[in-house]
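Please look over the sequence and the model shown below.

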Amino acid sequence: EKWDFVLVSNIHEVGSEKEIKRKKFLDELSKKGFTIKKIEDKKLFYGVRAPKQIFRKYQWLLRNPDSRLQNPDVHHDIPVTTSFSLLRIRIVNFILQNTTTPDLEKLPDLMKKKVFEATFPLHEKEEVREFLKEKWARWRDIFCQQPIEKIRCYFGEKVALYFAWLGWYTYLLGIAAVAGLVVFVAGITVFNSSQVRFFFSCKEICEASNTIMCPLCDQKCPFWLLSDTCTYAKVTHMIDNEGTVLFAMFMAIWATVFLELWKRQRATVVTNWDLYRWDEEEEELAMGLINNLQHEPQQYQHSYFRSTIILLLVLVMIAVLIGIAHALVIYRVIATALFSQSNSEFLRDQANTMAVMTGAVLHYITIVILTKVNRHVALYLCDLEKPRTFSQRENNFTVKIFTFQFFTNFSSLIYIAFFLGRINGHPGNYVRIAGKWRLEECHPSGCITDLFIQMAIIMLLKQTISNVMEYLVPWIAHKLRKQQHPRKRSMMLGEEEEAEDPCKRQWLSNYQLNEVNTFSLFDEFLEMVIQYSFTTIFVAAFPLAPLLAFCNNLFEIRLDAIKMMRLRRRMVPRKANDIGIWLQVLEAIGILAVIGNGLVIAITSDFIPMQVYKYMYSPCMTENSTGVDCSTGYINHSLSVFRIQDFEPHTKVPEMLPDFVRDEIKECRYRDYRNADDYSYTVQFWHIFAARLAFLILFEHVALCIKLIAAWYVPDVPQSVKNQFLDRKHSSLR
């Protein structure tokens, strides 16, 4: 005996308002011909089954228009794109959600008022489900191909397309992961070769035992030697090298090719499902007529006033998120000052690195908290918009939540990449917060390592803690729910065992699973799209991002499969012929990746200043020397001179290092391009600024042109699919 849906309710007092509302809703279902079965346990369970004429009506409505007019009473079976059980669940879910009581209340309203606690379709003991549990939803199958057709037969096209997209993304991510690993390993390997010119700057730092640097804070920070940061410089130059530029260009092309190949893959898949030209709007209209023959479609409407209000509220929310990013900046500034004044020598020496690392952990915590806040705000804004259909509501929600999540995840990274060390002033005239704490400075080797550390910590935390919690929370919740409903009570001596309704055990076991909601699949998509953003936008600073994402996705596929098959109630299957608005979001990320990586190389990296020095200021240009490496002297040239007597009046001149004689130190060095007399910018600064701007324009135009060429070169739809439709048209005309 199969049932389409189960409604769960608490046992209310006879005659109570909730009991009356529940009865009215069930009466409305009965009027529509639904069969209802009641089972009482600690909760009330109502199994509902729709009459067969409802499904015949669906088939007749989606028939060819001419055929429908000629044969209105003949109900031949027509090809449906999912199995009949999925069709039943989808139609019954629509009717349940849109059945109105005499009090003008629908099921969502009744659930808000706690009249019903839950509603869900059942996990059936079908052959398909057993196959998926054994061959798909297991950790041991982590390297096996996914049975997309079986997933579609059990969960519907929308879930199947998600896993098809995730599998395709992971497959192509393997190529990017190998390329990123090669670039990173090459940075380590090539660094050990002193014959490579790019790393002479690092060698210069390690040998600068006489270069005295200005203090990093105002109180307990001493003068320090540039050679003290030799290790930090080595790490920086493993990331910041010529290979990074090539890899950033490669990832821009990769992102385009990935999307173009996915479009081809999707076209092939949905054509096999006979869904390529499926119309979602027609489907929704048919569902409305099935539920109510007097149904009138909701007309398209647009309110400029409402849109303006929504836009203003979105801008306010973005401003709040940017403000939180500023709070993280303030934390880093204060943390640096506190670590610098610590009694621990290690904390004083590593004050900046410790501030970066703790700031990254704090950033991750804010991401976790704000993700929940962003969801509520986005849903509230969607309610204000009053979208016409569910799909429109989903698209509006997607755009808003992604926008909020983007600023939540990347505001702090944008500051580190493009503002850190560039708005802090210079010795004698520092920019300060509240007139007390001065902003952070970049390391003499550049700020790209700070960006590397921030991205590495966030990605590692998101892919370890978040995934562990994603699995453990529903697993523990499922175990706790099972303990609250023991399967059998113990029998007394001489007592006969009561026959148990077979439906009761099945309904109870499904109820004990974790709840799913409309946006359960949306959450999985959002998680992967944010990861895709990390993998592409700042990949120039973190070449290992694709590798981490690839390893994570191998587990993510099986984790999602296990959650859906073993830990969650069955999702309502939905039709789809693409991944929806997510494709436009991914294309927008591809463009942002070109801009972001271009800015990282032009502004954050030392690649441009190094090239300007080589071809304008190096010994090769000034002395016509052929035996000297052109990078020689770059670090010294990139440091400006500051006279100690020009310290700010309220700044306490710090204590000297033991090896220094106080009276002998007249000046110190700092990272900038300023004149020694009036601290104005040098001509070299403007040369570098012009070179950065020229490179950015050139890089972005070249990368975008390559993206356009790649998009043109790889057709969205395979020729086999086009020929298939051509043959169908020809056959229909004959």
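At what angle do helix α22 and helix α25 pack, and how far apart are their axes? Helix α22 (residues 607–617) and helix α25 (residues 683–713) pack at about 120°, and their axes are 9 Å apart. Axes here are lines fitted to C-alpha atoms, for helices over the stretch in contact, with angles running from 0 to 180 degrees between N-to-C directions. Helices (H or I, at least four residues) and strands (E, at least two) are DSSP runs, numbered from the N terminus.

Some notes on the source come next. This is a predicted model, in which local features need pLDDT of at least 70 and side-chain atom pairs count only at pLDDT 80 or more, while totals for chains, interfaces and linings use all residues. Residues are numbered from 1 along each chain as its sequence is written, and side-chain values use heavy atoms, with hydrogens and water left out.

The protein as a whole has 26 helices and twelve strands. Of its 734 residues, 51% are buried; buried means under 20% relative accessible area, exposed means over 50%, and partly exposed lies in between (1.4 Å probe, protein chains only). A contact means heavy atoms within 4.5 Å. Among contacts between residues at least 6 apart in sequence, 78% join residues at least 24 apart.

α22 and α25 are oblique to each other, on a scale where angles under 35 degrees count as roughly parallel, over 145 as roughly antiparallel, 65 to 115 as roughly perpendicular and the rest as oblique. Their crossing is right-handed; a crossing is right-handed if the near helix is turned clockwise from the far one by less than a right angle, and left-handed if anticlockwise. On the α22 side the contact includes Phe 607, Ile 608 and Tyr 613, and on the α25 side it includes His 687, Ile 688 and Phe 695. By class, the residues of this contact are eleven nonpolar, two polar and one charged. Ala, Val, Leu, Ile, Met, Phe, Trp, Tyr, Cys and Pro count as nonpolar, Asp, Glu, Lys and Arg as charged, and the others, Gly among them, as polar.

With helix α21 (residues 582–604), α11 (residues 242–272) crosses at roughly 175°, and the axes come within 10 Å. The two helices are therefore roughly antiparallel to each other. Residues of α11 in this contact include Ala 248, Leu 259 and Trp 262, and those of α21 include Leu 586, Val 594 and Ile 601. The contact of α11 with α21 has nine nonpolar, two polar and two charged residues.

With helix α26 (residues 719–733), α11 has a crossing angle of roughly 35°, and again the axes come within 10 Å. Here Ala 267, Thr 268 and Thr 271 of α11 meet Val 721, Gln 724, Phe 725 and Arg 728 of α26. These residues divide into three nonpolar, three polar and one charged.

Most residues other than glycine have a negative phi. Asp 274, in the loop between α11 and α12 (280–291), has a positive phi near 60°. Lys 386, in the loop between α15 (351–385) and α16 (390–418), has a positive phi of about 55°. Lys 386 is exposed, at 59% relative accessibility.

Which residues does Glu 105 touch, not counting residues up to four places away in sequence? They are Lys 21, Thr 99, Thr 100, Leu 110 and Lys 113. Glu 105 lies in the loop between α4 (84–98) and α5 (107–112) and is buried, at 7% relative accessibility. The side chains of Glu 105 and Lys 113 are joined by a polar contact of 2.2 Å. A polar contact is a pair of N or O atoms within 3.5 Å; within protein, one must be able to donate a hydrogen and the other to accept it, and residues adjacent in sequence count only if both atoms are side-chain atoms.

Glu 117 lies in the loop between α5 and β4 (118–120) and is partly exposed, at 31% relative accessibility. A polar contact of 2.4 Å joins its side chain to that of Tyr 511. The C-alpha atoms of Glu 117 and Leu 7 are separated by 7.7 Å, although the two residues are 110 residues apart along the chain.
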